[in-house]
Amino acid sequence: MNAKPKDFVERNSIRGGLALFRDWSAIILVSVFSIRENNFIVYALSVWVIGYFQFAIGEALLHEASHYNLFRKKHWNNNLEFLYALPFFLTISQFRSAHLKHHTRLGSEQDHIVKDYRQFGFFKPTKNIFWLWFIKPVIGYAGYYYVSSCSLLPRRSGIKIVVFWILAVFAFWYFGSLQYLLFYWIVPYVLSYCSFMYWSEVQDHYNARSGTRSNLSFLANLVTHNNGYHFTHHEYPAIPWYRLRDAHNALCPEGTDISYGFFDTYEQLKDVKEEEQICQRLPR
């Protein structure tokens, strides 16, 4: 019997809660370990580990909530945004608005990834893919780009973000821990989280012959809640993250773009000869 997309559509609030608990626990435990070790090398590594789990929350799980896949009760996906959106200087309504255009206007000028690729430098005839993939995001560009893209509009979203961060800063100040907020949230956010955002955006669609690329790396999908099964998600956005692997195996057609990790993606990104080919491989 052939599988159908509806076979994989379900909601499970316990899974959503456990996913959030895992990621927040990992961030806290890594922070505590780094503070206790008081070692620069340990701290530098912790910044990247924390940033990866920030990405798991502020991209993967926020993404699930924007599709109402994170919790069974629809309003929970909106009302619990203080767990996965506000800490990242945005609201779920802001994310959902941009992401809806990404799904419905994929590859068009209304899709933010086209603007992002252009700003990153991927459309320049003289581009250096090695520089753009390995170097540019980690020397501060990704942090600058995404932080400068943060917005307090519309007004309701801006009020939520400002109130959340006033309360967060006050709480850390009250307990004499502002330095921990800076070193174990803000620094990983700017350096690491934003770099993972940059890599994820580029990987998902740039130079993908089928329009969308999936990353089947086991470790990456373990940490980021199957965020790599991107083609299947675009085809069937109602399928929650924990069913994407099975759905990919059952429903994904042959000929889609598949990567098996960070370096494999790099090889696929640089496999382009002319600017016109890039534009043709972006979905319209």
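The lining of the largest pocket divides into 14 nonpolar, 14 polar and six charged residues. That is in a predicted model, so please keep that in mind as we go. The pocket itself has a volume of about 950 Å³. Its lining counts 34 residues, and those nearest the centre are L90, A98, H112, S149 and E201. Which elements give two or more residues to that lining? They are α2, at 40-66, α4, at 92-104, α5, at 112-120, α7, at 141-148, and α9.

Let me stay with α7 for a moment. Its buried residues are Y141, A142, G143, Y145 and Y146.

Helix α8 covers residues 155-174 and helix α9 covers residues 178-205. Their axes come within 7 Å and cross at roughly 125 degrees, so the two helices are oblique to each other. On the α8 side, the contact is made by W165, V169, F172 and W173, and on the α9 side by L178, L181, W185 and I186. By class, this contact has eight nonpolar residues, with no polar and no charged ones. If you look at the numbering on each helix, here is a handy reminder: an α-helix has 3.6 residues a turn, so residues three or four places apart point the same way.

Now, over to the start of the chain. F8 sits in the segment before α1, which runs over 13-37. Buried or exposed? F8 has a relative accessible area of 6%, and because the cut-off for buried is under 20%, F8 counts as buried. Setting aside its neighbours within four places in sequence, F8 is in contact with A3, I239, P240, R243, D246, A247, A250 and L251. For a sense of distance, F8 and L18 are ten residues apart in sequence, and their C-alpha atoms are 20 Å apart in space.

You will find R243 in the loop between α11, at 230-235, and α12, at 244-251. R243 is a charged residue by class, and with a relative accessible area of 17% it is buried. What does R243 touch, not counting residues up to four places away in sequence? The answer is D7, F8 and E10.

Methods: Residues numbered from 1 in each chain as written. Predicted model: local features only at pLDDT ≥ 70, side-chain atom pairs only at ≥ 80, totals over all residues. Heavy atoms only, no water. Axes fitted to C-alpha atoms, helices over the stretch in contact; angles between N-to-C directions. Helix = DSSP H or I, 4+ residues; strand = E, 2+ residues; numbered from the N terminus. Parallel < 35°, antiparallel > 145°, perpendicular 65-115°, else oblique. Contact = heavy atoms within 4.5 Å. Buried < 20%, exposed > 50% of the residue type's maximum accessible area, 1.4 Å probe, protein only. 1 Å grid on protein atoms, 1.4 Å probe; cavity = no way out; pocket = protein on both sides within 12 Å on 5 of 7 lines; lining within 4 Å. Points joined across faces, edges and corners; volume = space filled by probe spheres on them.
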